[in-house]
Amino acid sequence: MRADMVDVDTLMSSFEERRGVRRGTIPVLPLIETVEALPHLDDIAAHSRTMGLAFGPEDMAASMGAKVTEDALVFPAKMMLYAAKRVHLPAYGFVGSIADFSDKVALLARCSRAYDLGFDGALGIHPSQVPVFNDGYMPSDADLNFAKSVVEAFETAKANGKGATSIKGKMIDKPVLDRALRTMKMQQRFAK
């Protein structure tokens with residue numbers, strides 16, 4: 001897999017040179033679709049051209065000889081998610097089938113769960129999936145309101161020399177603030 005990224009970089013560099021584009025300018029979004037890729041996720045994610053990682057559930061299941069089920073896919077999907085997050089890149093995908101694009105209820109549930117796991121969005125195979133993705137990866141009003149209250153409470157605590165505070169009996173510290181900021185960032189991304 002390292003060799004694959006080197007090959008991609010070589011091809012992209014040649015293309016950039018022919019087009020008069022600065023080397024390394026064009027990013028790539030590797031699609032993780034085989035079990036062979038799993039041991040190399042950190043190298044793939046850390047490559048200078050990598051702009052994020054995407055999970056291909058149908059191909060991953062096929063490479064495993066498995067059905068496209070949550071039980072079969074949750075581990076490789078999380079491995080990819082963790083590799084992306086270790087180098088502060090977005091992770092795209094969800095656990096489950098992408099092929100049945102007409103079942104919007106099931107797709108929305110998969111996207112909402114993926115958002116809860118830390119995924120940032122998904123790649124689709126049909127235009128009808130886009131509104132479902134937008135709904136599934138957009139924070140709920142309750143999540144957004146809580147995030148805003150966390151930021152306000154943390155800023156007040158910090159102004160008073162404290163590193164933590166609480167809201168309605170829940171501790172608010174740096175990790176809770178980080179999740180709140182992510183929630184607000186996701187909302188802003190979809191508001192555009």
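Trainee: What classes of residue make up the lining of the second largest pocket?
Mentor: Four are nonpolar, one is polar and five are charged. Here Ala, Val, Leu, Ile, Met, Phe, Trp, Tyr, Cys and Pro are nonpolar, Asp, Glu, Lys and Arg are charged, and the others, Gly included, are polar. Bear in mind that this is a predicted model, where local features need pLDDT of at least 70 and side-chain atom pairs pLDDT 80 or more, while totals for chains, interfaces and linings use all residues. Numbering starts from 1 along each chain as its sequence is written, and side-chain values use heavy atoms, without hydrogens or water.

Trainee: OK, which residues line that second pocket?
Mentor: K85, H88, L89, P90, Y92, D120, R182, K185, M186 and R189. A pocket here is an open set of points on a 1 Å grid where a 1.4 Å probe fits, with protein on both sides within 12 Å along at least five of seven lines, and lining residues have an atom within 4 Å of a point.

Trainee: Which element gives the largest share of that lining?
Mentor: Helix 8, with four residues. Helices are DSSP runs of H or I, at least four residues, and strands are runs of E, at least two, numbered from the N terminus.

Trainee: How confident is the predictor in helix 8?
Mentor: Helix 8 (residues 174-191) is where confidence is lowest, at a mean pLDDT of 84, against 98 in strand 2, the highest. pLDDT is the predictor's per-residue confidence, from 0 to 100. The protein averages 91, and 97% of the residues score at least 70.

Trainee: Back to H88. What's its phi?
Mentor: Positive, about 60 degrees, though H88 is not a glycine. Most residues other than glycine have a negative phi.

Trainee: Where does H88 sit, and is it buried or exposed?
Mentor: H88 is in the loop between helix 4 and strand 3 (91-92). H88 is exposed, at 71% relative accessible area; exposed means over 50% and buried under 20%, with a 1.4 Å probe and protein chains only.

Trainee: What about K168?
Mentor: K168 also has a positive phi, about 50 degrees, without being a glycine. K168 lies in the loop between strand 4 (165-167) and strand 5 (170-172) and is exposed at 84%.
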